[in-house]
Amino acid sequence: MDKAKLIAEIKSKKSFLCVGLDTDMDLIPKHLLDTEDPIFEFNKAIIDATKDFCVAYKPNIAFYECHGPKGWESLKKTLDYIPKDKFTIADAKRGDIGNTSRYYAKTFFEYMDFDAVTIAPYMGEDSITPFLEYKDKWVIVLALTSNKGALDFQFMTDMNGEKLYERVLKKTAKWGTPENLMYVVGATRAESIKTVRKIVPNHFFLVPGFGAQGGSLIDTAQYGWNDDCGLLVNSSRGILYASNGEDFAQKAGEKAQEIQKQMEVILVEKGFI
């Protein structure tokens, strides 16, 4: 999916919601555990319930690969089931060099056919460029994350007062373009989103930390907005586990619609729709 199609989908659905498919076997409703593929059955119901209110889906690969070959099979079935007008993100957080990186790209862009993959930039340019060689595919670089441990490294400053995450943004922006490069920017660090937006004014942000982690949708839009909307705001647990009963899909859909309505208000206020 290229940038124009992504923007068109945001306008069509009046939403910039990404549903994170962090499907935890310990949390899904018990009645699904007796099915042949509980993960896929859960995901299928979630997708059916939320597809009218979101523009993207983001399976976190860790929740699948921990189950071995069967988990990868569940992931592939899930990806194939997601409607083709949705932007799909492999939240894999890969980051290696040379042929290793090239084969990671082959896994997620050829075999799995995701639209995007999250990448850790610590090993530098040759860990990212193999992913950028694919037409109409996206690299999503971890820039400023929402977790507590982000403070360990990302805010370290050099002798010129530049923070590490700022250096990552400036350097990686030279390797790709706003047409194939996005950034992970955590919603729990709302005021820093403003700094990030100044450095990369034209790129899309994938924004985790909304909902269960306490990030504010209004603050995210205030600080992260650009002329293309420029935001994909992710919600995982808040939607997936809105209920652990047999009404889980219905409740997930209601929660997704609630978020979509909030986003629609923002899109109208911004004159985007």
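Guide: Let us begin with overall dimensions, for which the radius of gyration is taken over C-alpha atoms, and the globule rule is 2.2 Å times the number of residues to the power 0.38. Please keep in mind throughout that this is a predicted model.

Visitor: What radius of gyration does the protein chain have, and what would a compact globule with 273 residues have?

Guide: A compact globule with 273 residues would have a radius of gyration near 19 Å, and because the protein chain has 18 Å, the value agrees with that expectation. Taken along the principal axes, the C-alpha atoms fill a box of roughly 60 × 45 × 35 Å. The secondary structure within comes to 12 helices and eight strands.

Visitor: Which residues touch the most other members of the largest nonpolar core?

Guide: They are Phe16 and Phe87, in a core of 87 residues, to which helix H12 (residues 248-269) gives the largest share, namely eight residues. For Phe16, once the neighbours within four places in sequence are left aside, the contacts include Ile10, Val55, Leu217, Leu232, Met263 and Ile266.

Visitor: Is Ile140 buried or exposed?

Guide: Residues under 20% relative accessible area are called buried, and Ile140 is therefore buried, since its value is 0%. Its place is in strand S5 (residues 138-144), and its contacts beyond four places in sequence include Ile89, Val117, Ile119, Met182, Val184 and Leu206. Leu217, which is in contact with Phe16, lies 77 residues from Ile140 along the chain, and the C-alpha atoms of Ile140 and Leu217 are separated by 20 Å.

Visitor: Which residues form a nonpolar patch on the surface?

Guide: Ile97, Tyr122 and Met123 form such a patch, with about 380 Å² of accessible area together. Of these, Met123 lies in the loop between strand S4 (116-119) and helix H6 (129-132).

Note on methods: Residues are numbered from 1 along each chain as its sequence is written. This is a predicted model: local features need pLDDT of at least 70, side-chain atom pairs count only at pLDDT 80 or more; totals for chains, interfaces and linings use all residues. Side-chain values use heavy atoms; hydrogens and water are left out. Helices (H or I, at least four residues) and strands (E, at least two) are DSSP runs, numbered from the N terminus. Buried means under 20% relative accessible area, exposed over 50%, partly exposed in between (1.4 Å probe, protein chains only). Contact means heavy atoms within 4.5 Å. Patches are made of residues with over 30% relative accessible area and no salt bridge: like charges are joined within 9 Å, nonpolar side chains (Val, Leu, Ile, Met, Phe, Trp, Tyr) within 5 Å. Accessible areas come from the Shrake-Rupley method with a 1.4 Å probe; for residues, only the protein chains shown count as cover. A salt bridge is a side-chain nitrogen of Lys or Arg within 4 Å of a carboxyl oxygen of Asp or Glu. A nonpolar core is a set of buried Ala, Val, Leu, Ile, Met, Phe, Trp, Tyr and Cys residues joined through side-chain atoms within 4.5 Å.
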